[in-house]
Amino acid sequence: MGKNKIRRFAENATFPHVVQPTFEELRAGGLALKGRWNGGFFKREAPLVLELGCGGGEYTVGLAQLQPEKNYIGVDIKGARIWRGAKTAQELGLANVGFLRTHVDHILECFGPGEVSEIWLTFSDPQIGKARKRLTSPLFLARYRQILRPGGLVHLKTDSPLLYEYTLEQIAEHKLPVHEQSGNVYADLVRRVPPQEQAVLNIRTRYEEMWLAEGRTIHYVRFGM
Ligand SMILES: C[S@@+](CC[C@H](N)C(=O)[O-])C[C@H]1O[C@@H](n2cnc3c(N)ncnc32)[C@H](O)[C@@H]1O
């Protein structure tokens, strides 16, 4: 492991806003914060928003700045990426941001029933040929239904036509309400939504910057559960 990674992992352990559960902890009844993130971690009641596969946390941090009235948690398995988001949140003095280093398969061990208001899926791996592993597969939708409050929302922003079309199919099959949808966010959607929503859609992640530089089109859908 490189020196930089070792340094980042060590700093993660010192950050009060980074939670890194052990496998044993998750297996023995789940995370102690499960069902009590607002009171136990953020020390305030507010809608809880997750970004799954947050990478460097650009959406988590960007949304936390735009919507300070909500609490945000970026979830990713990679410690060095979590570090990037946690460091940025610290430098910006954001009290409404946390990061959880865990596998997305463990969300039911980490969040209680109805505890979450919104879930963001940003440039998730399209899992070509492995539909079951996609973050909008029936397996994941069933998990989201458990942790989301009634009327909770899922946002998908992606460069992948495969993941976008697959998600639209799942939405139709599960008869879920679509609140917003666009096959081309920047040519279409940002031109027809109010300014606050434009700002949200204009947040760019590291992966999004790469795909935009390659000329890819960005898709977005927001649906209820
Ligand atoms: C393609 S990257 C996108 C990162 C970020 N959202 C962005 O747009 O820049 C996918 C991210 O999901 C994370 N990831 C992949 N599988 C995961 C899993 N099973 N549990 C948690 N994170 C995962 C990876 O570590 C990576 O940071």
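This is a predicted model: local features need pLDDT of at least 70, side-chain atom pairs count only at pLDDT 80 or more; totals for chains, interfaces and linings use all residues.
**Overall build**

I started with the whole chain. I counted 11 helices and eight strands in it. A compact globule of 225 residues would have a radius of gyration near 17 Å, and the chain has 17 Å, so the two agree. I also looked up burial, and 36% of the 225 residues count as buried. Then I turned to contacts with a separation of 6 or more, and found that residues 24 or more positions apart account for 77% of them.

Is β3 mostly covered or mostly exposed? I found this strand, residues 71-76, mostly covered, with six of its six residues buried. I remind myself that in a regular strand the side chains alternate between the two faces of the sheet. So I took the two sides of β3 in turn. On one side Asn 71, Ile 73 and Val 75 are buried, and on the other Tyr 72, Gly 74 and Asp 76 are buried too. I then followed β3 to strand β2 (residues 48-52), which pairs with it in the parallel sense over five bridges.

**Strands around β8**

I moved on to β8, residues 219-224, which runs antiparallel to β6 (residues 148-158) and is joined to it by six bridges. Here I saw Leu 156 standing opposite Val 221. Strand β7 (residues 178-182) also runs antiparallel to β8, with four bridges between them. For that pairing I noted Ser 182, whose bridge partner is Tyr 220.

**The nonpolar core**

I looked up the largest nonpolar core and found 46 residues in it. Those with the most contacts inside it are Leu 50, Ile 73, Val 116, Ile 119, Leu 121 and Val 154. I picked Leu 121 and left aside its neighbours within four places in sequence. Its contacts are then Leu 52, Gly 53, Leu 135, Thr 136, Val 154, His 155 and Leu 156.

**Around the ligand**

Which residues are closest to the ligand? Of the 16 that surround it, the closest are Gly 53, Gly 55, Phe 123, Thr 205 and Tyr 207. Gly 53 was already in my notes as a contact of Leu 121. Helix α11 (residues 206-213) gives the most to this shell, with three residues. I sorted the shell by type and got five nonpolar, five polar and six charged residues.

Terms used:
Residues are numbered from 1 along each chain as its sequence is written. A residue is near a molecule or strand if its C-beta atom, placed from the backbone, lies within 6 Å of it. Ala, Val, Leu, Ile, Met, Phe, Trp, Tyr, Cys and Pro count as nonpolar, Asp, Glu, Lys and Arg as charged, and the others, Gly among them, as polar. Two strands pair if DSSP finds at least two bridges between them. A nonpolar core is a set of buried Ala, Val, Leu, Ile, Met, Phe, Trp, Tyr and Cys residues joined through C-beta atoms within 7 Å. A residue is buried if 20 or more other C-beta atoms lie within 10 Å of its own, exposed if 12 or fewer, and partly exposed in between; C-beta atoms are placed from the backbone. Two residues are in contact if their C-beta atoms, placed from the backbone, lie within 7 Å. The radius of gyration is taken over C-alpha atoms; the globule rule is 2.2 Å times the number of residues to the power 0.38.
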